[in-house]
Amino acid sequence: WMNAETLLICGTDPYETKTILFTQWIMKGIQNGQKTILMLPRRTAGVAYAEQNGGLWLDVTPGTDLLVVNAIARIIVENGWQDKEWIENWVNDKWGSSSGFGQGTRNTPWQWRTTWGKFQTKGYDDWTKWLLAQDEFKLDAASEVSGVSAEKIMLAARMMAEPVGGKRPKTSIMI
């Protein structure tokens, strides 16, 4: 996570919980100009450090992280900021996710029996249709439920994906 230009950290503060990871990797990234976004319900020491160095705190209501992540994804998709080349080369279709070759979330026997065919899309385009059809992922709705201001959610999306000078930031997500 040191080499990302933007790092989104959801649900944990590695400054407080993963000291070696933070001091040896994330802190070095921040010191080299990385923009770090922490999504946590409380202001922590890691949040303060990130903010002092150009980072952002998404002050979520507990349990609403995924709502905000999907609102950010929606903003990225709506603006065409997604990495189309990476998606073309690396995102699975339904067969790739369901085949059991370690490329999906359902590649253990117990998962096959309980979740096979559920919560799956047929690939990126189908996922995009689903994402855009969910009213709760609209910016204002996500802001209202999560408690994170619409401005902060938009800023996070920009930090993660908006091309600057034709170049999209290299972003990593820690959940």
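Colleague: At what angle do H4 and H10 pack?

Modeller: About 60°, with the axes of H4 and H10 9 Å apart. This is a predicted model, by the way.

Colleague: Is the crossing of H4 and H10 left-handed or right-handed?

Modeller: Right-handed, as H4 passes H10.

Colleague: Which residues meet there, between H4 and H10?

Modeller: From H4, Val 68, Ala 71, Ile 72, Ile 75 and Ile 76. From H10, Ile 153, Met 154, Ala 156, Ala 157, Met 160 and Ala 161. By class, that contact has 11 nonpolar residues, no polar and no charged.

Colleague: Now H4 and H9. At what angle do their axes cross?

Modeller: Roughly 160°, and the axes come within 9 Å. That makes helix H4 roughly antiparallel to H9. The crossing is left-handed.

Colleague: Which residues of H4 meet H9?

Modeller: Leu 67, Val 68, Ala 71 and Ile 75. On the H9 side, they meet Leu 139, Ala 142, Val 145 and Ser 146. The classes are 7 nonpolar, 1 polar and no charged.

Colleague: And H9 with H10, how do their axes cross?

Modeller: At roughly 115°, coming within 9 Å. H9 passes H10 in a right-handed crossing.

Colleague: What residues are in that contact of H9 with H10?

Modeller: H9 brings Leu 139, Asp 140, Ala 142, Ser 143 and Ser 146. H10 brings Ala 150, Ile 153 and Met 154. By class, there are 5 nonpolar, 2 polar and 1 charged.

Colleague: Switching to the sheet. What's the strand order?

Modeller: E3-E2-E1-E4, an open sheet of 4 strands with parallel pairing. Strand E3, residues 56–59, and strand E4, residues 171–174, are the edges, each pairing on one side only. From one strand to the next, the twist averages 15°.

Colleague: How many bridges join E2 to E3?

Modeller: There are 4, and the two strands run parallel. E2 covers residues 35–40.

Colleague: Which strands does H10 touch?

Modeller: E1, E2, E3 and E4. H10, residues 150–161, packs on the sheet, and its direction makes about 135° with that of E3.

Colleague: Last topic, confidence. What's the mean pLDDT of the chain?

Modeller: The mean is 88, and 85% of the residues reach 70 or more.

Colleague: Where does pLDDT stay under 50?

Modeller: Over residues 102–114. The model has 19 contacts beyond four places in sequence for that stretch.

Colleague: What should I do with coordinates where pLDDT is low?

Modeller: Where pLDDT is low, predicted coordinates should not be read in detail.

Note on methods. Residues are numbered from 1 along each chain as its sequence is written. This is a predicted model: local features need pLDDT of at least 70, side-chain atom pairs count only at pLDDT 80 or more; totals for chains, interfaces and linings use all residues. Side-chain values use heavy atoms; hydrogens and water are left out. Two strands pair if DSSP finds at least two bridges between them. Axes are lines fitted to C-alpha atoms, for helices over the stretch in contact, and angles run from 0 to 180 degrees between N-to-C directions. Contact means heavy atoms within 4.5 Å. Angles under 35 degrees count as roughly parallel, over 145 as roughly antiparallel, 65 to 115 as roughly perpendicular and the rest as oblique. A crossing is left-handed if the near helix is turned anticlockwise from the far one by less than a right angle, and right-handed if clockwise. Ala, Val, Leu, Ile, Met, Phe, Trp, Tyr, Cys and Pro count as nonpolar, Asp, Glu, Lys and Arg as charged, and the others, Gly among them, as polar. pLDDT is the predictor's confidence in each residue, from 0 to 100.
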